[in-house]
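Work through the exercises below with the sequence and the model open. Each task is followed by a solution in steps.

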Amino acid sequence: GVAPLGAVPLQKEHQQQFQMMESAYYHMPHPSDSERTRTYLPRNPIHTPPYYIQQPLPHSDTLEFYQRLATETLFFVFYYMEGTKAQYLAAKALKKQSWRFHTKYMMWFQRHEEPKIINEEYEQGTYIYFDYEKWGQRKKEGFTFEYKYLEDRDLN
Amino acid sequence: ERAAAGPTVHIHNGILQARSLNYDDPPGLMEKTDFLLKDWINIYHSASGRDSTKAFSMFVHQMNVHGILKTDDLITRFFRLSTQLCVEVVCRNLAETVTPTVIRAKCYYTLDAFVRLIALLVKHSGDSNNTTTKIHLLNKVLGIVAGCLLQDHETRMTEFQQLPYHRIFIMLFLELCAPEPVLEAINFQVLTAYCHTYHILRPSKAAGFCYAWLELISHRVFIGRMLAVTPQQKGWAMYAQLLIDLFKYLAPFLRNAELAKPVTMLYKGTLRVLLVLLHDFPEFLCDYHYGFCDVIPPNCIQMRNLILSAFPRNMRLPDPFTPNLKVDMLQEISYAPRVLTNFAALITPSQFKKDLDSYLKARAPVTFLSELRSNLQVSNEPGMRYNIPLMNALVMYVGTQAIAYIRSKGLTPNMSTIAHSAHMDIFQNLTVDLDTEGRYLFLNAVANQLRYPNSHTHYFSCTLLYLFAEANTEAIQEQITRVLLERLIVNRPHPWGLLITFIELIKNPTYKFWNHEFVHCAPEIEKLFESVARSCMVQKTG
């Protein structure tokens, strides 16, 4: 049997506890309650059909996985998932693809060609950059990338 | 609660202040707090406010101007009023009928700002090297939040909301675990403060908070800090206490086996936590198995199996199904497992312990044996007749004493050396003299020691088989079989020692297992034994 010692009626104390627990059951903690606020992509749990994928692919939290994502996906992760491991991995993957972050414009730049000028303080030439407002890649000629705005922390 | 001393005194002071019905706040303090809190929330969410120390120092200056930081008492009141204001905001938001994500975002907006304020005040209180001031303040704040929670729980009753307290506790914890030297220096005291607070808010004290509470104690960062990051396993005992709080709360609901939805939910969560611990921290479950099994009701077989299946990660267990496996030859069975519960101290009253020790020494007087039952029995109510913790302690103590006694004679425990001793007298007497209920509890106490290869597992495995062989009635043998079998027919995991013992029982012809009537008492039972036997003896034909 499942209750080998027999059933014992709940004491009054336990009945009261059960009542409180039951009401708590109807407003359970939400997964987001113990996470940093997600401004753009809040959690919105919903029942999806079981034949849809229910869990992310295995190893989708590795740098190797992020390196296989499209550049635009990486930009999306970078701008819309602030302060997460995903953002960190996206930044790493972008750096590996020779994108450099400009801390003043808050945008990512990539050399379009060998810069015309390189010195101690800056380099100048034609760059491709990602405009997060227009949401697309743009080309800029004769742009001066001052090194003091280069985000060059070692991401490890 | 006991009279508080040591670091917890500040938590308890906080609780007392938050719970005293007669607040008697100075006039205008509520308005000041409300004004300051709103101001801070705006600063926190402004473009530069979030990480700027400048904004914070300006705000502290503001607090000073309003006289909040003048006395300890005023600071306490400020935190209490702020907590209550935040909770009110949350409850107002939750009552609205907008999309849940919007509601929650609004709640977090207020709570996160408050949490950051607490974290900054803790971090910057006193000199940077003065850890005492910081910890005092943290303890006090945790006490105030806990006190507000208990008060709120009592007054709102079924309208109580877990959310604000849940978020305050977890977010503050994460803030205090940030990788900064000032915080790293106080991390262990932060953990201690949190454990005390969570213990005070255990489900039996605040049942309406139980789900959030389970989330808090099973949060990956919390488990990580308690069991992995803190050196020398200094957090283990405190974490074990929280699990015991959980098991104790669940016990009366689980023992009747009629699980209502709210209980099922909490139970499932508990199993998940145990699975995580079994996978990541098996040594922790090993060390505290005794204390856990003491509070888990006897019918929670799978829950107990999860704990009893844990074994040290550096150990390789021989496959129990190996034909002719010689357990006696295993090196591990000469080592005792670590048991971090002082079970000898649980044998009370002290006169009983004295009598027990003198019986173990002199094997006399025989009256000790005849009085054993009355020492263990506490009532005549069916299902509640026995003092289970005392039974467990007695079994464990006599067993460990027996091992020591056999060793002292230069022998090792085995089927013949365990027999004919004061220790075995006690076990045989319990087997024969107790009623069905008592014997069931006794045999469970023995079976709780059948774990990974170690000296206890080996000794108690031999003991159980010996009791089976020497039984004077079939009823005893049936009950031994029942205790073993019911632990095997549940889903995995199964403790190694349990499998070993059961396989020995059905394989070794000396036990004449298949000749017993209870094996053939019903066709479904017979089928069950056959299927178990098939899986156990699969390699026998080879």
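Predicted model: local features only at pLDDT ≥ 70, side-chain atom pairs only at ≥ 80, totals over all residues.

Residues are numbered from 1 along each chain as its sequence is written, chains are lettered from A in the order in which they are written, and side-chain values use heavy atoms, with hydrogens and water left out.

**Exercise 1.** Describe the secondary structure and burial of chain B.

Solution. Chain B has 24 helices and zero strands; helices are DSSP runs of H or I with at least four residues, strands runs of E with at least two, numbered from the N terminus. Next, 57% of its 542 residues count as buried, that is, under 20% relative accessible area with a 1.4 Å probe, protein chains only. The C-alpha atoms fill a box of roughly 85 × 50 × 45 Å along the principal axes.

**Exercise 2.** Characterise the interface of chain B and chain A.

Solution. Start with contacts (heavy atoms within 4.5 Å): 44 residues of chain B touch 32 residues of chain A. The two chains bury about 3400 Å² between them, 65% of it on carbon and sulfur atoms; this is the accessible area (1.4 Å probe) lost on being put together, summed over both parts. Then look for salt bridges, meaning a side-chain nitrogen of Lys or Arg within 4 Å of a carboxyl oxygen of Asp or Glu. The count is one: Asp33(A) pairs with Arg104(B), with the closest N and O atoms 2.8 Å apart. Several elements give two or more residues to the chain B side, among them helix 5 (100-124) and helix 20 (436-447). The largest share, six residues, comes from helix 7 of chain B.

**Exercise 3.** Is Asn256(B) buried or exposed, and what does its side chain reach?

Solution. Asn256(B) lies in the loop between helix 12 and helix 13 of chain B. Its relative accessible area is 16%, so Asn256(B) is buried. Its side chain reaches the backbone oxygen of Val8(A) at 2.5 Å.

Key
Buried < 20%, exposed > 50% of the residue type's maximum accessible area, 1.4 Å probe, protein only. Polar contact = N/O pair within 3.5 Å; in protein donor to acceptor, adjacent residues only side chain to side chain.
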